[in-house]
Amino acid sequence: MGKLDVLQKCFDFTRANELRNLNWYPYFNRVETAQGPEVIVDGAKKIVVCSNNYLGLANHPKVVEASMAAAKKYGTSGTGSRLLNGTTDLHYKVEKKFADFVGKEDAILFTTGHHSNLGALQSLVGKGEMFICDKLDHASIIDGCRLSFGEMVRFRHNDMDDLERQLKRYEDKAKLIVVDGIFSMEGDIAKLPEISKLAKKYECRIFVDEAHSLGVLGENGRGTGEYFNMTEDIDVLMATASKSLASVGGFIAGKKEVIDYIKSVARSLIFTASLPPSSVGAIDAALDIIKEEPQRRIRLLETAQKMLSEFKRLGFKTTKSQSPIIPLIVGSDETAFKMWRMLFDAGVFASPVITPAVPEGQAIIRTSYIASHTDEQLNFILEKFEKIGKELGII
Ligand SMILES: Cc1ncc(COP(=O)(O)O)c(C=O)c1O
């Protein structure tokens, strides 16, 4: 085939192989054990600092048991869409439990967090209406906005003056402000009090993605709304089950009429199979444990504080993280790949984040923490980062 071959770009794509040849390819590693603070990858032990298993529930015996019990009772698959045959009484039970937990009237469970952003955002903003998104919103939010017939503009990250500029600019349009609760790469928190003030002033609605904040922020782990004591100010709340809830799936919660509308029009809900019972069972148990074991959240936040201050003390450049996500800015993409490999070989499993996800020259090693990391594991992580940071001239 000649120039018109759509597959030509695949044959011309060399980046992954270039990294493989340098032994710097950091993706699709083969984990051979359950997800926890320590895993085995290709036969070698690694301490994990790249997981979103914040509360350490992904291998909690009660969560595993609940998942197996659900598979035994309901089988392995929903075998169809939520709309048709794929909804079990367990889906309803978990939706009610989640809505009560986050203080909303109702909730709907999608098959992934990504699907829930796609479906809700596509449904809620129509032709002639606007999304006003933070520049660092998650990719699934951007994908959801693109699926809608509405228009999207972005404001500078957590910059309330820029948000107001955009709101003023589109004063005559119906608008939805969309932000992450905790930003997935920066680890900082959306400024909900200021956002809410502006939303009232410009008469628009607020959508918060609580993917990283559920189970982590607030007195009871209910997320950003609880953290600021502003649950009512969030009109539509999204949360994924793939992080603190130790499963997979995504929730949208809000007023009954809003959820009912989304259930009738969200394409990513209607045209895909329901979340399998085993995953729903895991969420059910994880929600109970979050309520019963607050010490997990407390330990997680103490760990995050310790690691942030230790990294700063060692001389690493980081962000204004207020959460268990602590990115370390290391410089070029090349440095990030090299550092990833050195850490991996030293027994630390981290994630490099490179351009275009971050600006040129600001590549990061993203670290995140688990409530069940031991002090010994945390000290091991710091020791390796210090040694390798010095070898690379980063600190
Ligand atoms: C902020 C945010 N929103 C949504 C998602 C999508 O959730 P899931 O991975 O459960 O599909 C993610 C996942 O990485 C995320 O970080």
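Modeller: Start with the overall dimensions. This is a predicted model. A compact globule of 395 residues would have a radius of gyration near 21 Å, and the protein chain has 21 Å, so the two agree. Along the principal axes, its C-alpha atoms fill a box of roughly 55 × 55 × 55 Å. The secondary structure comes to 15 helices and 14 strands. Of the 395 residues, 48% count as buried.

Now the core itself. The largest nonpolar core has 109 residues. Those with the most contacts inside it are Phe98, Ala107, Phe131, Ile177, Ile252 and Ala286. Helix 12 (residues 277–292) gives the largest share of this core, eight residues. Domain 1 (15–48 + 294–391) and domain 2 (61–292) both contribute residues, so the core lies between them.

Take Ala286 as a close-up. Leaving out residues up to four places away in sequence, Ala286 touches Leu57, Val63, Leu245, Ala246 and Ser247.

The ligand has 14 residues around it, and Gly113, His138, Ala211, Thr240 and Ser242 come nearest. Helix 5 (residues 113–124) supplies the largest share of this shell, three residues. By class, the shell has eleven polar, two charged and one nonpolar residue.

Methods. Residues are numbered from 1 along each chain as its sequence is written. This is a predicted model: local features need pLDDT of at least 70, side-chain atom pairs count only at pLDDT 80 or more; totals for chains, interfaces and linings use all residues. Helices (H or I, at least four residues) and strands (E, at least two) are DSSP runs, numbered from the N terminus. The radius of gyration is taken over C-alpha atoms; the globule rule is 2.2 Å times the number of residues to the power 0.38. A residue is buried if 20 or more other C-beta atoms lie within 10 Å of its own, exposed if 12 or fewer, and partly exposed in between; C-beta atoms are placed from the backbone. A nonpolar core is a set of buried Ala, Val, Leu, Ile, Met, Phe, Trp, Tyr and Cys residues joined through C-beta atoms within 7 Å. Domain bounds come from an automatic or database domain assignment. Two residues are in contact if their C-beta atoms, placed from the backbone, lie within 7 Å. A residue is near a molecule or strand if its C-beta atom, placed from the backbone, lies within 6 Å of it. Ala, Val, Leu, Ile, Met, Phe, Trp, Tyr, Cys and Pro count as nonpolar, Asp, Glu, Lys and Arg as charged, and the others, Gly among them, as polar.
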